[in-house]
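Me: I have a structure open and would like to go through it step by step. Can you help me read it?

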Amino acid sequence: ATLPISPPRGPDLVFFNRELNASVIVELKRGKFRPNYLGQLSGYLTVYDMTDKKPHENPSIGMTVSISL
């Protein structure tokens, strides 16, 4: 049996801050914060800046929001 392939998943939210002239990438997580979340966010920032950032924009800013109930 062949397993279905999930499409690649990107960041949860992307905003643009006009004052900073930079995109803000937000990752939403459930549960306690884990250090590997920063590695994942760093990967998103790198890919976003290489593919979507305009030459006149500043590097993107990343934020991980983790909620534990």
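Me: In what order do the elements run from the N terminus on?
Reply: The order in the protein chain is β-β-α-β, with one helix and three strands. Helices (H or I, at least four residues) and strands (E, at least two) are DSSP runs, numbered from the N terminus.

Me: And where does all this come from?
Reply: This is a predicted model, in which local features need pLDDT of at least 70 and side-chain atom pairs count only at pLDDT 80 or more, while totals for chains, interfaces and linings use all residues. Residues are numbered from 1 along each chain as its sequence is written, and side-chain values use heavy atoms, with hydrogens and water left out.

Me: How many residues does the helix have?
Reply: Helix α1 covers residues 36-51, which is 16 residues. From its first C-alpha to its last it reaches 23 Å, close to the 22 Å expected at 1.5 Å a residue. The expected span is 1.5 Å times one less than the number of residues.

Me: Which residues of α1 are buried?
Reply: Tyr37, Leu41, Tyr44, Leu45 and Tyr48. Buried means under 20% relative accessible area, exposed over 50%, and partly exposed in between (1.4 Å probe, protein chains only). Seen down the axis of α1, the buried residues fall within an arc of 100°, so they line one face of the helix. That arc is taken from the directions from the helix axis to the C-beta atoms.

Me: What do they pack against?
Reply: The buried residues of α1 pack against β1, β2 (22-30) and β3. On the face turned away from the buried side, α1 carries the exposed residues Met50 and Thr51.

Me: Pick one of the buried ones. Why does Tyr37 count as buried?
Reply: Tyr37 counts as buried because its relative accessibility is 8%. Leaving aside residues up to four places away in sequence, Tyr37 touches Lys29, Arg30, Lys32, Thr64 and Ser66. A contact means heavy atoms within 4.5 Å. The C-alpha atoms of Tyr37 and Val65 are separated by 9.7 Å, with the two residues 28 apart along the chain.

Me: You mentioned Lys29. Which side chain meets that of Lys29 in a salt bridge?
Reply: That of Glu27, at 3.3 Å, N to O. A salt bridge is a side-chain nitrogen of Lys or Arg within 4 Å of a carboxyl oxygen of Asp or Glu. The structure holds one salt bridge. Lys29 counts as buried at 15% relative accessibility, and Glu27 counts as buried at 1%.

Me: New topic: the surface. Which residues make the nonpolar patch?
Reply: Leu13, Phe15, Leu28, Met63, Val65, Ile67 and Leu69 make a patch of about 720 Å². The elements giving two or more residues to the patch are β1 (13-17) and β3 (61-67). β3 gives the most, with three residues. Patches are made of residues with over 30% relative accessible area and no salt bridge: like charges are joined within 9 Å, nonpolar side chains (Val, Leu, Ile, Met, Phe, Trp, Tyr) within 5 Å.

Me: How does Phe15 count by accessibility?
Reply: Phe15, in strand β1, counts as partly exposed at 47% relative accessibility.

Me: Last one: what about the loop between β1 and β2?
Reply: Asn21 lies in that loop. Asn21 has a positive phi of about 55° although it is not a glycine.

Notes. Accessible areas come from the Shrake-Rupley method with a 1.4 Å probe; for residues, only the protein chains shown count as cover.
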